[in-house]
Amino acid sequence: MAIPVRKRQAKIDPDQCVACGTCFDTCPQGALSIFHGSYAQVDFTRCIGCGLCARECPADIIQFEVSK
């Protein structure tokens, strides 16, 4: 019987992101980038859900959701 793996992934609200780059600099997997200098976006294939970006975000806008 297969057990589904659930993974935490970062979610960033682009309307609240200040594009400071802290999450980009903090991510050990290189899963974050700054889109056209406007907001951070997550590469879900690289995000491991460690939470470092959320802890360091000065705007406190990075949340985590569980994927199926």
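View 1. Strand β3 (residues 39-42) shows a covered face made of Ala40 and Val42, and an uncovered face with Tyr39 and Gln41. A word on labels: helices (H or I, at least four residues) and strands (E, at least two) are DSSP runs, numbered from the N terminus. What you are looking at is a predicted model, where local features need pLDDT of at least 70, side-chain atom pairs count only at pLDDT 80 or more, and totals for chains, interfaces and linings use all residues. Residues are numbered from 1 along each chain as its sequence is written, and side-chain values use heavy atoms, with hydrogens and water left out.

**View 2. β2 meets β3.** Strand β2 (residues 32-35) runs antiparallel to β3, and four bridges join them. (Two strands count as paired if DSSP finds at least two bridges between them.) Look across from leucine 32 and you'll find valine 42 of β3 standing opposite. The two strands make a hairpin, with three residues between β2 and β3.

View 3. Histidine 36 counts as exposed because its relative accessibility is 67%; the cut-offs are under 20% relative accessible area for buried, over 50% for exposed, and partly exposed in between (1.4 Å probe, protein chains only).

View 4. Aspartate 60 lies in the loop between α2 (52-56) and β4. With 59% relative accessibility, aspartate 60 counts as exposed.

**View 5. A salt bridge between lysine 11 and glutamate 65.** Searching the whole structure turns up one salt bridge, meaning a side-chain nitrogen of Lys or Arg within 4 Å of a carboxyl oxygen of Asp or Glu. The side chains of lysine 11 and glutamate 65 meet at 3.8 Å, N to O. This pair ties together distant parts of the chain, 54 residues apart: lysine 11 belongs to strand β1 (residues 7-12) and glutamate 65 to strand β4. Lysine 11 is partly exposed, at 47% relative accessibility, and glutamate 65 is partly exposed too, at 38%.

**View 6. How confident is the predictor?** pLDDT, the predictor's confidence in each residue, goes from 0 to 100. The protein chain averages 90, and 90% of the residues score at least 70. Confidence is highest in helix α1 (residues 22-26), at 96, and lowest in strand β4 (residues 62-67), at a mean of 87.
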